[in-house]
Amino acid sequence: MPDTAWWLDLLWTVVKGVLVALALLTTFAYMTLIERRLLARMQIRWGPNRVGPMGLLQPLADAIKSIFKEDLRITKADQLVYTLAPLIAITCALTAFGGIPAGPAGSFFGLNPWVYSLDVGVIGLLAITSMGVYGIFLGGWASGSKYPLLGGLRSAAQIISYELGMGLSILGLLMLVGSASFQSIIGWQATNGWLIVFQVFAFATFLVSSFAEVNRTPFDLPEAEQELVAGYLTEYSAIKWALFQMAEYVNMITASALMATLFFGGYKGPVFLDGLIPGISNWPFIWLILKIAFFLFLFIWVRATLPRLRYDQLMRFGWKLIFPLSLANTVITGFYLTYFRGAGLWPLGILGLIGLVLLIVMSDRARRLWNTPTHRPDAERPAASRPVGGD
Amino acid sequence: MAEVPTAYYIALSGILFALGMIGVLTRRTAVMVFLSVELMLNAANLSLVAFARAWGDLVGQTAVFIVMTLAAAEVAIGLAIIVAIFRKRETTNVDDLASLKG
Amino acid sequence: MLPILITLLGAIAATLLGFFLPRRAITVISMVTLVLSGVSMVTLWNGGLTSFNGSLQADNVALSIGLIILLGSLMTLLVSFDTAARAKLAFPEFDALLLYAVTGTLLIAFSGDLVTMLIGLEVMSLSGYVIATLQNSRRAEEAGMKYFLLGAVGSATLIYGIALVYGATGTFSYVGIRDATAGLQVENISLLVVGALLLLCGFGFKVALAPFHQWTPDLYSGAPTVVGLFLSTVVKVAAFAGMLRVFGGAMQNVPAWASVMQILIIATIVIGNLGALFQTNFKRLMAYSAVAHTGFLALALLANPATGGPALTYYLLVYTLMTAGAFAVLAALQRTEEGFSLDDMRGLFYRHPAYAVALAVCLASLAGLPPFAGFMGKYLAFQAAFQAGYVGLTLIAAMGSVAALIYYLRPAMLMFMHDRTPAREYPGERTPTTAAVVLGVVGVTVLGVLPNLAYGLVANPAIWTVLAGR
Amino acid sequence: MIHFFIFLPVLASLLIFLVPVRWREEFAGAAAGLTLAGGLWSWSVGGLSYYSVPWIPALGVTYSVQMDGVSLLLGIVTAFMTLIAIIYAGKRIPNPGTMLSLILMMETGLLGIYAARDLVLFYVFFEDALIPALLMLAIYGKANRMAALVKFAAYTLFGSLLMLISIIGLKYYGGSPTFALVDLQAHPVTGTLQTWLFLGFLAAMAVKLPLFPMHAWLPDFHAQNHDSGVADVMGTLYKVGAYGLFRFAVVLFPDAMLELRPILMGLAAFTALYAAWIAFSQTDWKRLLAYAGLSHMGFVGLGIFSMNETAMIGALFLLAFQNIYTGALFLAAGMLQERVGSLSTKVGGIMTQAGALSGMTMTLWFASIGVPGLVGFVGEFSILLGAYQVSPWLAFIAGLTTIAAAAYGLTAFQTTYWQVRPAGAVLAHDLRDLDWLILGAPIAVSIFFGVYSGPALALVQPVVRTWMAGLGGGL
Amino acid sequence: MLLIAGGIGVLAVVVSILLGPKKPSFSKLMPYESGNDPEGTGRERFPVHFYLVAMLFIVFDIETAFFYPLAVAYQKVGAFAFWEMITFLILVLVGYFYILKKGVLEWN
């Protein structure tokens, strides 16, 4: 790109940004609908079907309702932060997605099908998404009420806990690829095969972490009605509430896109299809959207299937299972790469598979790690004088 | 895009550092003092990165990494201390910490 | 390398074994670790090894300061062995953190570049913050908070200084900085000078030079006595080691810092000594005395490394011994963590003659009275500064010592005055603390009478010319 | 032998705590006696020769000691008075272990001062003697001792730290390889620098001497010390300023001393007269003796500063023997206090009840005020004689002091011993057993050397001659 | 450029907020407490456990951050990288084991 046209560059970027944002918002809107419909189907009921044909206008109605609903200002809230919190959440959510490439360079009418590109794309994306936790925590805190505060705290704790597992689980992947930019990762997968094959274990942990990151069932504790009313959302209403919801869904989409890109070849379709229609695997958007759709479905599916964890289980699950497992995965990958690189990559996939199978076989034992209530009577505790981390 | 001269970065980091210093000197709650310190640290980071670029040298960036770690460790310990004090006294105003005199 | 690893392993062991073994066992293990580390240092003597491309250098400077650090830590552990329980500090974490701090201090002493030094400094400081706050009391927390806030400011200043020095020279390594500063380019010099001054301020916070000393009295007196012992000896030694490396080695050629340092030293000596004159609590007195001694130590630092270096090393050793000895006596006898008021000390000689004499020896040494080693330390510092041409400064320092004598004298003499009130001291068993006291007293006396035992080892000017490394 | 002589006392002072309580006095006495014997033996062999080893080689600090005539004389006097003091302390102070230990410790410091031929070593011993002095005051002092202590320490340290710096400067500017006196002599510092360094050195010596503006610590120091006077004896011995000036300043700073001679002599003469004047109005024996000592020291200073051979010999002679009779007078004051419970000069009538005590005190007083035939006279006369050659006027002024001394001495003596004893006062018993020895021995020495001063002068003279010869024939 | 994408989001949101009607608010805008009158402030101290988690996160996240460059450069560095990683991990695991034993990861 010539230096002279920087403003043009900028303009196109803005346009792309707007497009992505709109696309995401639309997806979000219909996502809600689809989710409700699907859930209903799975629970053998109808779901929304009144507004428009098959309920297709339902999201629009919801949007209008949110906008024209009264925007409550809670007296005890810290007004600035209270308003800022949903903004932060949605900004981070939207921004994150912009870095994911939807096709090869220059494939979007001669433009690059991504809004921005960083050398350290994965890390940047993780960084931005994790900023979203500020939105949630500040929202909970600014409400000036007890339930939101606790909800915010809990979800903040949850998100940061699983952030670790998430960050660690992609390490093995990065070791294999040797780069953190999405382009290289996708390129590597195009030549060597999808990373899910080699890092199946990592994918498992990543998947679980993603669920926790976006506060989805079975990790949607922060919004657990039975315990905390609606968590950090309790005091929010109208558009701000909608923004939080939006952020959550957008995050979900981003997580799906991320998984697709990291483990399932990204915007590239399966190469063997090239035999049928030449170049099909390089078509922009289509493959990515397909993969995202699959993961979104998975999200909904899981929501319909699994029960919710208890909070202590949730935290223990993250710290005692996901964290060490992803660490172990990293070490094993590293070890393999250092000493058996010559043997090709496929044993790595087998190793991962074995690990996964082992984990499933031993699931009863593994569960004890996080599932046993560790209620200890106070008397048993070593006198409270032992400080922990400075408390 | 045009290169931003190193001097600008240094000026910015100098301003940040000065702001942090002013914050340290004028703010009276521990948390604010602490935040100011973090600002100073980040000013240092900024200038380290700028210098690393100017020298075409990765060591400066490594140092930033280390400084970030230190800052994080400092946060962890600092907040622990502040919390511990707050739980006992309901204040983090530095001026209220005056039981040691002389 | 090895000594640092040994202490680090010790720290890890203390961290983990704390769950399985009683605290005293941990303390013993920690002490063994320190001794082992010391042994490994001795074997490295004259080796001049470096590792990590010169980031760590085990030259004799590092080793001698490292040994001083280990000595101070060992005395701390000895004292903590039986007083920790009284001080509500009997956690295995105390030992672990202490060892982590020692690891950091050793890193500083062995450092070959600014980043290593910085890491060591922070490991030390951070552990120090926690140790200072470990005791669950308002006093300790307050002290720790002040320590932490000012320490953090100091660190930040230091780091910014490092950044600027890096910007001016393009390197972090001491050798590189020294070479770069040998032929200064004009456009970088202001950057360099500002960086050096910021570094000076940062270090000033760490060693408690005068305008940056405010945390010291509160910390040393507010923290538990054992902790005060540790912070006022080991941590200060390490910070001085860093200063020695940076200002004595790397930045010897940089202009301006020496003149600023002079002002700081004058302020330190004046404030430290005057402040100590009006204290009524012995611990606070010791705290101010630590500030005052900082001034004297810095005097040696200011001098030409060939004479100042050995002087500083010797002084640091002696300072460690005598301060640790005094704090150890305090720890053995105090009933509360507030230590003694000076009035409590009246007639101590008639209640605990041995302790009183030991304390008197330590105080006499601190005051700089021969034949105790404190005199030699002060003398060496004065001489080094004098030979570097700082005659006026030396005179001021000498005047400061007069004030110092007076405030050390008061408690020392009070101990020997008759007093009929019943004993207020802690009566229990305290053999290890006594061992620390003995170590301090014997060390101070022997080194005072035969200073060459320690000074001769470090006096070779050759080892000080490569302060920045090869 | 010389090390034995110097360090035997300090060894004994430490070992004394291992000795059973009831044997401690004997032990200390034996140690002091042994030291004195060592001193006398050294005299018989004509002094102990120079011995030097490096102490801190890197810094050029050496351990250099020698016992030449002057050192020996002062050393023997010290050993003698230490023995006397120990005997009295053992008798007077209950459970005297600590005191005896301190006395012995101080003896080492003093002997070291006299023997040291290295400036840093000198400084070390100089300060070293300070510690027991402080402890004596702290342990055995009176109610206001803290103030006296602080004053004493502050003055002393103020001076000695300045001296320390000038010691450092002396080597540094002169370029000498070591601090040993011989080396420093070989690498002299000249010009203004010498004057400045001398002033630093003088600061310490003037405090100890003590010279007029630096004397304020002295009366308090003596007044606050234990009644027995034992501590005062040792304190008297501690006045080594003149010796330091003689030993080091004269050879190292000859130009500066000559340059400042008028001022210094004037100060010394003024000190002598002023102290005598103050002494006149004292009503406390110890303060009186303190000022009397101060007055003597003014004399000694006059002798040293005059840079004249005769005066200098006289000054050293006086310095040595002044210790004996002033020390003994302090002990006599202690005995008086023991008997009547007061140190006031207005007690009155002791003579009738304790004739021997009074008589001996009177003899000592005569020695002190320079009555011919007693030892004080020899010194004072020589000083005046020498000083007269340099500055007749100052000698005249100083000469007035002897008259003043007679006045204050006799007045005090009269009111204490002759004046009518008030009715109902405690009956003062006379000297008993060891008391005779304690006062008798110093008197014997005073008389002996007063009449036959040859041996002592023979010790001092050659040294002073060499010294002066080194300066180009003396002045 | 990164900021612009974010800015789009912000802009959209701000506009939509402006569109929203702001009818006069009710005095009952009090914190929700299951219908009860709220007691105390909403900004109470919260369990120290959350602080701990936050701190642990900082520690381990930094650890992860250290791993990223290592991972990216992993194959270029070779065996040294592996042992480097193991050493580092051991140190981190000491901390992990410590907090595990301390029961920080237990939620009651």
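The end C-alpha atoms of residues 64-86 of chain B lie 31 Å apart, and this span is 100% helix and 0% strand. Helices (H or I, at least four residues) and strands (E, at least two) are DSSP runs, numbered from the N terminus. The model is predicted: local features need pLDDT of at least 70, side-chain atom pairs count only at pLDDT 80 or more, and totals for chains, interfaces and linings use all residues. Residues are numbered from 1 along each chain as its sequence is written, chains are lettered from A and ligands numbered from 1 in the order in which they are written, and side-chain values use heavy atoms, with hydrogens and water left out.

The span 64-86 belongs to a set of annotated stretches. The unreviewed UniProt entry marks residues 6-25, 32-52 and 64-86 of chain B as "transmembrane region". UniProt positions are given in the numbering used here, feature names are shortened, and annotations may be inferred rather than shown by experiment. Residues 6-25 of chain B are 100% helix and 0% strand, with end C-alpha atoms 28 Å apart. In chain E, the "transmembrane region" annotation, again from an unreviewed UniProt entry, covers residues 48-68 and 80-99. Residues 48-68 of chain E are 100% helix and 0% strand, and their end C-alpha atoms are 30 Å apart. For residues 80-99 of chain E, the end C-alpha atoms are 29 Å apart, and the span is 100% helix and 0% strand.

The size of an interface is often given as the accessible area lost when the parts come together. Chains B and C bury about 3600 Å² between them, and 75% of this is on carbon and sulfur atoms. Buried area is the accessible area (1.4 Å probe) that two parts lose on being put together, summed over both. On the chain B side, the elements that give two or more residues are helix 1 (6-26), helix 2 (30-55) and helix 3 (59-89). Helix 3 of chain B gives the most, with 16 residues. By class, the chain B side has 31 nonpolar, 8 polar and 5 charged residues. Here Ala, Val, Leu, Ile, Met, Phe, Trp, Tyr, Cys and Pro count as nonpolar, Asp, Glu, Lys and Arg as charged, and the others, Gly among them, as polar. The contact (heavy atoms within 4.5 Å) takes 44 residues from chain B and 43 residues from chain C.

A salt bridge is a side-chain nitrogen of Lys or Arg within 4 Å of a carboxyl oxygen of Asp or Glu. Over all chains, the search finds 14 salt bridges. One of them joins A:Glu35 and A:Arg303, whose closest N and O atoms are 2.6 Å apart. This pair links distant parts of the chain, 268 residues apart: A:Glu35 is in helix 1 (residues 6-42) of chain A, and A:Arg303 is in helix 12 (residues 286-305) of chain A.

Two strands pair if DSSP finds at least two bridges between them. D:Ser52 has D:Ser64 in strand 2 as its bridge partner. Between the two strands lie 4 residues, and D:Gly60 in the turn has a positive phi of about 75°.

Backbone exceptions come last. Most residues other than glycine have a negative phi, and most peptide bonds are trans. C:Ala208 has a positive phi, near 70°. C:Ala208 lies in the loop between helix 8 (186-207) and helix 9 (215-222) of chain C. A cis peptide bond joins C:Pro370 and C:Pro371, with omega about 5°.
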